[in-house]
Amino acid sequence: MSQETHEATAAELDWIAPAAVASRVVEDAREISAISRETPWRVRATASGDAALIGRWREHLDDCAVLGIWCAPRRVPALIADLERVAAVQGFSRLVGPLVPEEAAPPYLSAGLRVVERVVLMRLEHPQRACRHEPAPRGFGIRVASPEDLPGVFAVDADSFDDFWRYDEPQLDRYMRTERAAVATVEGRTVGYTLANVRGGEGSLGRLAVSPAARRGGIGRGLACDALGWLVRNGARTVTLSRQEHNAGAAGLYHAIGFRDLRGALVITVSQELRV
Ligand SMILES: CC(C)(COP(=O)(O)OP(=O)(O)OC[C@H]1O[C@@H](n2cnc3c(N)ncnc32)[C@H](O)[C@@H]1OP(=O)(O)O)[C@@H](O)C(=O)NCCC(=O)NCCS
């Protein structure tokens, strides 16, 4: 059966929305309805009942990301081929595959995507026990962020991650409003930040970054411990995070706090240059 996708109809949205919410691709059904209303090309469905949500990866890049895909593995290659076609028509030059466990990657590789990054999941089992001997911050302060902190946080993020991973400003603005954001400051200047979230007893540390010039002075650890304290106070019984496999700074810091690597990596894949 054809894997050609079309813009999802209202009836198709009724079954795509719960799948998208369950896989945490969107916060709620209203969010995917709004996406479908404002940018119908992003919510795709096929006649055989498969679906995908796609969208720009970062404002500063011409990459279109597969944010969610709901189909049997054997149908992934054909669906990806069709999503490449849609992305090319929309003017994108690459398709970024979804973040999937390495063992689930073969259908994406058969579709012609290649692995560009391996991501390790880490977990902290007893967050209330971590950071008990954390010294009080010296030479820097930590406080909850406000919307006015966006420019400073954006600068730290841009200095800390390469173009593929750094957030664009609207993304960061959204995360700072929907997650618990905190900043570290030195003499009023933002030098680091965290994003954290808790759902149903599961905490997540979404982002942690310190400006290169301010590193190795305890700010990263101070920020991580501040976020863990907030997560525990808000019901987190475990905390998970993901890091790039070869990120020595992140691995060193998180291991020092007590996080352990979970077995198996996740991978992110990208297409060749797309042509219309
Ligand atoms: C990871 C990061 C936040 C650490 O910030 P930091 O302020 O330098 O961290 P700290 O000074 O608090 O370091 C605490 C401990 O972490 C470990 N650590 C920190 N950086 C390290 C590095 N480059 N290599 C190995 N271990 C490191 C050490 O155990 C260190 O203790 P020590 O300095 O007494 O040896 C920072 O390097 C950074 O922003 N990196 C780029 C963004 C990033 O990778 N974020 C994490 C994404 S998952």
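I began with Gly 141, and once its neighbours within four places in sequence are left aside, Gly 141 is in contact with Ala 184 and Thr 185 (contact means that the C-beta atoms, placed from the backbone, lie within 7 Å). I noted that this is a predicted model, where local features need pLDDT of at least 70 and side-chain atom pairs count only at pLDDT 80 or more, while totals for chains, interfaces and linings use all residues. Residues are numbered from 1 along each chain as its sequence is written.

Next I looked up where Gly 141 sits: it is found in strand S8 (helices, H or I with at least four residues, and strands, E with at least two, are DSSP runs numbered from the N terminus). Is Gly 141 buried, exposed or partly exposed? Gly 141 counts as partly exposed because it has 13 C-beta neighbours inside 10 Å (20 or more other C-beta atoms within 10 Å make a residue buried, 12 or fewer exposed, and in between it is partly exposed; C-beta atoms are placed from the backbone). I also found Gly 141 and Glu 187 to be 8.6 Å apart in space, C-alpha to C-alpha, and 46 residues apart in sequence.

**The ligand.** I found 19 residues around the ligand, and the closest are Arg 215, Gly 220, Arg 221, Gly 249 and Gly 252 (near means a C-beta atom, placed from the backbone, within 6 Å). Strand S11 (202-210), helix H7 (219-233) and helix H8 (248-257) are the elements that give two or more residues to this shell. Which of them gives the most? H8 does, with six residues.

**Helix H7.** I then followed H7, which has 15 residues and reaches 21 Å from its first C-alpha to its last, close to the 21 Å expected (1.5 Å times one less than the number of residues). Its buried residues include Ile 219, Gly 220 and Leu 231. Just after H7, Gly 235 takes a positive phi of about 95°.

**Helix H1.** Last, I checked helix H1 (residues 10-22), where Leu 13, Ile 16, Ala 17 and Ala 20 are buried. H1 bends by about 30° at Ile 16, and Pro 18 follows within four residues (the bend is the angle between axes fitted to the seven residues ending there and the seven starting there). Arg 24 follows H1 and has a positive phi, near 60°.

How values were computed. Two residues are in contact if their C-beta atoms, placed from the backbone, lie within 7 Å.
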